[in-house]
Amino acid sequence: MKSNYLHYLKDRTIDAAKALYANKVVLMFFILCTFGLATTGKPPTYTVVEVFTRFGRNTFLVLALIIPVLAGLGLNFGIVVGAMAAQVAIFWTVYWGFTGLKGIAVCLLMATPIAILFGWLVGRLYNRTKGAEMITGLILAYFAEGLYQFFFLYLIGGIIPVENPTMIIAGGTGVKNTIDLAGNLKYAIDTISLLSVARGLSVAYALVSVVLWALNRQKSEGLQKPLQKDRLFGAAIVFAATFVPPVHDFMATDRLQLSRGIPVFGVLIALVALFRVVTAGRTGKDEQYRMRQGTVSLIALIAVGVSFVPAIHKILTSVHLPVMTYVLIALLCVFNNWLLSTKLGQDMRTVGQSRTVANAAGINVNRTRIIAMSMSTVLAAWGQIIYLQNLGTFATYGAHTMCGQYAIAALLVGGASVQQANNKQAILGVFLFHTLFVVAPLSASTVFGSALIGEYFRVFICYGVIALSLAMHAWKAIPKGDKKDKEPDALPGEGTEAPAEA
Amino acid sequence: MSSQYVLNMEGISKEYYGNRVLNEVNLAVRPGEIHALMGENGAGKSTLMNVLFGMPVIHNTGGFTGSISVDGEPVTIENPQKAMELGIGMVHQEFMLIPGFTVTENIKIGREITTPGIASHIFGKSLERLDRESMRKDARKALDTIGLNIEEYVKVKGLPVGYMQFIEIAREIDKTGIKLLIFDEPTAVLTESEAERLLEAMRVIASQGIAIVFITHRLDEVISVTDHVTILRDGQFVKRLVTAETSAVEIAELMIGRRVEKLLDEADDHRTLSDDDVMLSLRDYFVDMPGEQVRGIDLDVRRGEIFGIGGLAGQGKLGVPNGIMGLHASTGSILLEGEPVEPEKLGDALKKGIGFVSEDRRGVGLLLEESIEDNIVFTAMQIKGLFLKSIGIGTLYDAKAGRAHTEDMVKQLDIRCTGTNQRAGALSGGNQQKVCLARALTLNPKLLIVSEPTRGIDIGAKKLVIELLASLNREEGMTVVVVSSELNELRSICDRIAIVSEGKIADILHPDDSDADYGLAMAGYKRGGDEVEG
């Protein structure tokens, strides 16, 4: 048993190393990041804090790209349109004077329908330009930019009466260059404490369980599922635990200090995993499952141990995570996975793989693609709201311009491609891309001795990353197709087996 | 009317733009029988199936006449979905499978089993979760029915081609209420043992009461598994036979039919053909042309003859000229008058004196947007440096010479046009073909290879093109190789005809040989009954 487990560990480690090696794009950016980190000339604390902040800010937007990739629409440069929808909503929210959570709620209520409409329009456009969605999206973003500027520079104040000297250009027409979000929307989501999150989630979970049970009972006699009492019980325990003083104190702060978070959650995860190992026999799971859970608890405990190493502990102490933002990112990951397990998600995957086959199977290809686009656009709008509330200032004419490129670059760096993408790649990609984004100007200025070069580096990195990773994916894809052309010698023997290789 | 037939199509006629492709065709299939549908390319099999499935191509071109009944009930099938609902399924020739999906996902594609959840109650059925366990069970059942022992959770990518066919079949029989399955040339891409297993699976399916319409060119398969045969020829219904009472020879004869008219008078023939005086010689010749693979041919074309290469579509006849011209990768030796031609070198075949008229007239053959003149002189300019004049610092197009030559050609070949400046794309098919010929002739070739010379052109123009080829041969002594799917055309002018089947030469026949010989050769048999090694 023991040697068995060691064997398993060895296999997994080798698998992980192989996967990293096979994915040259990730490997390459991993090396670049390491090199950058070594030459920043700043303490690592700075970089780590920056990267975690940027992670919270950007990941939602990157995750919004996954659905269109699966539906075969490629990398959606059109998320800029979603960001614009969010910004229109933010402008009005600020203008009407809503603040805090209420402000966010107004933003969401307003941005969502606009984003759905935009997504529907973009989806229809993409349906007319099948096979060229990416370039269409890119050009569309420029076109939308024109309409956006027309709206903000001319219509507001010019046609739509808006009076607010802090937001409108002195002449009374057009919106100012920047809108300060401090005091209204800044950190509105970030500052929701772990306490509220835990209470909210546990109540929501319990409600969903009850509603599901009720719906099931109503529907069919044969398929009745019993009310899952243990689920409700679990939710109740979590809810109750938030009132225990030490837990309450730990959770009540609006940011989670990483040096405190890692030990607490590490131990929790380890305990849950160990519990699963112990009960695996009872629930009929196999040995593989037990080994996996064992590894999870092992890694969690190691992470806890490492977090107490003085040098690392010091860095972790300075990282404060906005809880709700990270929870939202996690929820979006769950949503993406859940969507894939539904009929709609399966339809999207089918359409993404082959429109002809999907059509023959009676799937409405155009409709599925439009739904995927609408979802992506709505998620992008939400992502932009998260981004701007964290940033604290809203550059009216600049906030959205690069969001498509940055998000796509991050996703590509994580090892995704035009045909396939998943949550893990998005998260890994955001970490790598933003690490590089933070360290590149710094290390450029230490290596070349000029801060200006560092600034060029940022722009260069963004476009360079997109070009490089697309090219690397293309190179990876070529050998398979090319082989046949280059080896006519292989012909005689091939006979009827030939198509099987293709 | 009793429901003796699960499918009864009666008096089906269909015209495409005034061109009658089906004329009063009948097809009647009993429940649980395997019914072969046979005919040459262009006999109307595909059109008949398109009618059955209510494909858009039928309705967009004016519909059809005739009646269809399923289980004795008259039905109108306006779209493929309706056909599916009626229990008619199709196993496609090109696989409608998604490589990145598992076998189960492919079998249940579009018909996934789902269970409701909270989101589906709010947002509708499409958000129901997939019930993968039930899907897996269904897929397993379908796979077991046809006796395919693969794991239902593996991805289709990387499976042998033969398996993909079976997965397609499993998907069709998994559909509830399936009554009739169409197999469109299912064995074309299979190895012998795979084909054997497929036929076995067909018997199993038929024994469960599902009728099968089996479209194939392989006569032995028809004889071994089918109960009835329906034969079409040129859109006409020829005959419905009981398989047990017929033979491969009879079927072959009925498919070809005799309607050959000799275009050339034997008396005019002053040529002397000798087996020793070889113009083109192919040895151990392979071509990797997608869909038209050539798999080892030895062939000699004598100086001064018209040599035909025939065979069904997809068997490899088109690969022969395309390989020689270097348009697709080839191996083996190609000798022109004993001198090797190196097709991997761009334009080598043209330089050495082989003229070529491609079957893909609008794609490879012509620059559609350019003038007739440019089209005719272009290749000669490029290959032979004709129609060029030097002005010291460089060479320019010699418009005068080019114009004169083009006008000469227009007159000689009777190209009907408004002038030599007319856009090639604006010409009719027959005249475009003549422009292609004129271009090939401008090179003054020793050997002219013409691929599908009469494809897509009307009957009058067909005759002109064929006569032109004949006169080039008789009067100018040019050696001509004609590659064509139209057997009658080949038989009307050729001295010898090689029939290509499965990438090899099945037989080399004389135009006067019997229909049965031709039919059998097309199905891969050599005279004397031996099948060529395949």
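**A helix pair in chain B**

Tutor: Happy to! H7(B) and H8(B) are roughly parallel to each other, because an angle under 35 degrees counts as roughly parallel. This is a predicted model, in which local features need pLDDT of at least 70, side-chain atom pairs count only at pLDDT 80 or more, and totals for chains, interfaces and linings use all residues. Residues are numbered from 1 along each chain as its sequence is written, and chains are lettered from A and ligands numbered from 1 in the order in which they are written.

The axes of helix H7 (residues 161-174) and helix H8 (residues 192-207) of chain B come within 10 Å and cross at roughly 10°. Here, helices are DSSP runs of H or I with at least four residues, numbered from the N terminus; axes are lines fitted to C-alpha atoms over the stretch in contact, with angles from 0 to 180 degrees between N-to-C directions.

On the H7(B) side, the contact is made by B:Gly162, B:Gln165, B:Phe166, B:Ile169 and B:Ile173, and H8(B) contributes B:Glu194, B:Leu198, B:Ala201 and B:Ile205 (C-beta atoms, placed from the backbone, within 7 Å). By class, six of these residues are nonpolar, two polar and one charged (Ala, Val, Leu, Ile, Met, Phe, Trp, Tyr, Cys and Pro count as nonpolar, Asp, Glu, Lys and Arg as charged, and the others, Gly among them, as polar).

How values were computed. Helices (H or I, at least four residues) and strands (E, at least two) are DSSP runs, numbered from the N terminus. Angles under 35 degrees count as roughly parallel, over 145 as roughly antiparallel, 65 to 115 as roughly perpendicular and the rest as oblique. Two residues are in contact if their C-beta atoms, placed from the backbone, lie within 7 Å.
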